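Please keep the sequence and the structure in view while reading.

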Amino acid sequence: MSLKDTISSILPHSTPAAPAQEPRTCKQCGTTTAYEELRKNHMICPSCGAYYRMHAWERIADILDEGSFTELDKAMQSSDPISFPNYPQKLAQAKQASGLQEAVVCGIGKIEGVRCAVFVMDSAFMMGSMGTIVGEKITRLFEKATAQKLPVVGFLTSGGARMQEGILSLMQMAKVSGAVRKHSDNGGLYLPVLTDPTTGGITASFAMQGDIILAEPHALIGFAGQRVIEQTTGEKLPQGFQRAEFLLEHGFVDLIEERPRLRFMLANLLKLHQKPETPKMTKPFRSLMPERRR
Amino acid sequence: MATAYERVQAARSGKRPSGGYYIDRMVDGFVELHGDRRYGDDPAIIGGIGWMNGQAVTVIAMERGDSIEDRMRRHFGCPSPEGYRKALRLMKLSEKFGRPIICLIGSSGAYCGIQAEQRGQGEAIAENLFEMMGLRVPIISVVIGEGGSGGALALGVCDTAIMLENSVYSVISPEGCASILWKDASKAPEAAEALHLTSYDLHKFGVVEHVIKEQNRTEKEIGAELKQLILDELAQKSAMSVDALLAARYQKFRSIGA
């Protein structure tokens, strides 16, 4: 199934804000690009190189082997566990805007033939915030990966815990951490890819618990919000503060990889961690990697 | 009955006892231990070992300070990454020697600043959550004041969670919530209600196991009851096998929102 078919199969055509096949305009340089061209370019502006935020299904199509992905727990959706004002309406709007049932898509798929458990968060759904369903889906994925001895690859983007679910959201940080821990104790590999933006409670839990932590160039990654820091301390934030490059410099991510090369980097890392009896990579790694953009 | 926001104000009150007070009340011969062995020593967290009814324990407590200079020095009890890393170092020391761990939580949250981010505030909290899930000794966490979000949870992965009646525990401050939702921080009282952050709310949700009444009681009485409750819980948890303890800890959090 092509990406177009995948997207149209999951998104009702009546949802105007869903990532339709319309041209998009780059927020950084203002260049408008046809959707198909953007897709071929991994949702990178061909004019200035800025990264568009990716829809979960665009990411799945971009990274996973075609047709290899089976979604898990796709029908799970949030209730309103603490009866928070206007939350049901917010959820309905988020579903319309994103075409998703919740802020994460989980499943099992293959990257260059390597089977792995995959979760992809989506900032179009309430800024990718984590409530009980996001926590539950990711926990179940790690538990499944532990039972089936699969590596976990995660694409993270989130504003943090979802305040509309109060303390129950906060506790998801502990819940997911427990599942990550079990997976790790069982010898499982976990590769989080931090994308723009990864902040708050997500950074303070499973974003920073990877065996190898990858980030996309220029992604905002941090715990406290920038405005909050400025207001609290009265200090001016340094250039590039909380960007992926800043985290690399301070030792908090292992590597920054560009989108066109990301699939190959993940495949390489997955294969480097396979048990010796499984087939080796046949071609030299270098020949698989697209050239660096700049 | 007090409103949610009245409890928030009570939890924040400068007169309310902080971590050090309860250490003095509950622990004999407390020896404070310093430093994370990585970068520094964070005075927002007091950590050390001592005796509780003849039993050796490790206590890790947020301390807001008393005088204004002391409060500034301690960042009003808001831990920096060094504080969380010191806490984890002492917890691992505790695990090595089979001592149970008691965590006292009470501040507005993790310290918010440029240096804290540079030194990995998020990573420090994440590491604590990850490691505490697997520590092979009992952990009792007590919210004694304000339980501020991820910065509180970093000492809150435990086998038994206790809250003092007028303490609160929330994913976000009521002011932060109000300014995001309604662009108006003065609506904090409404946000406090909506967030369901009181000890009774959390008990109802099953997030904490015990609430200790404060109304019409002195701090001394509250401290005495807390000590007895901790001792009872420790006796129970210490009787469990390590595997059963860890399975129950996993399940305690696993069942929230499942």
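In chain B, strand S1 (residues 28-33) runs antiparallel to S2(B), and four bridges join the two; strands here are DSSP runs of E with at least two residues, helices are runs of H or I with at least four, both numbered from the N terminus, and two strands pair if DSSP finds at least two bridges between them. B:Glu32 has B:Gly48 in S2(B) as its bridge partner. S2(B) is also joined, by eight bridges, to the antiparallel strand S3 (residues 55-62) of chain B, where B:Thr58 is the bridge partner of B:Ile49.

This is a predicted model, in which local features need pLDDT of at least 70 and side-chain atom pairs count only at pLDDT 80 or more, while totals for chains, interfaces and linings use all residues. Residues are numbered from 1 along each chain as its sequence is written, chains are lettered from A and ligands numbered from 1 in the order in which they are written, and side-chain values use heavy atoms, with hydrogens and water left out.

The table gives the lining of each cavity (a set of points on a 1 Å grid over the protein atoms alone where a 1.4 Å probe fits but cannot get out, with lining residues having an atom within 4 Å of a point).

| Cavity | Largest share of the lining |
|---|---|
| Largest cavity | H6(B), three residues |
| Second largest cavity | S5(B), three residues |

Among the residues closest to the centre of the largest cavity are A:Gly222 and B:Glu117.

Key:
1 Å grid on protein atoms, 1.4 Å probe; cavity = no way out; pocket = protein on both sides within 12 Å on 5 of 7 lines; lining within 4 Å.
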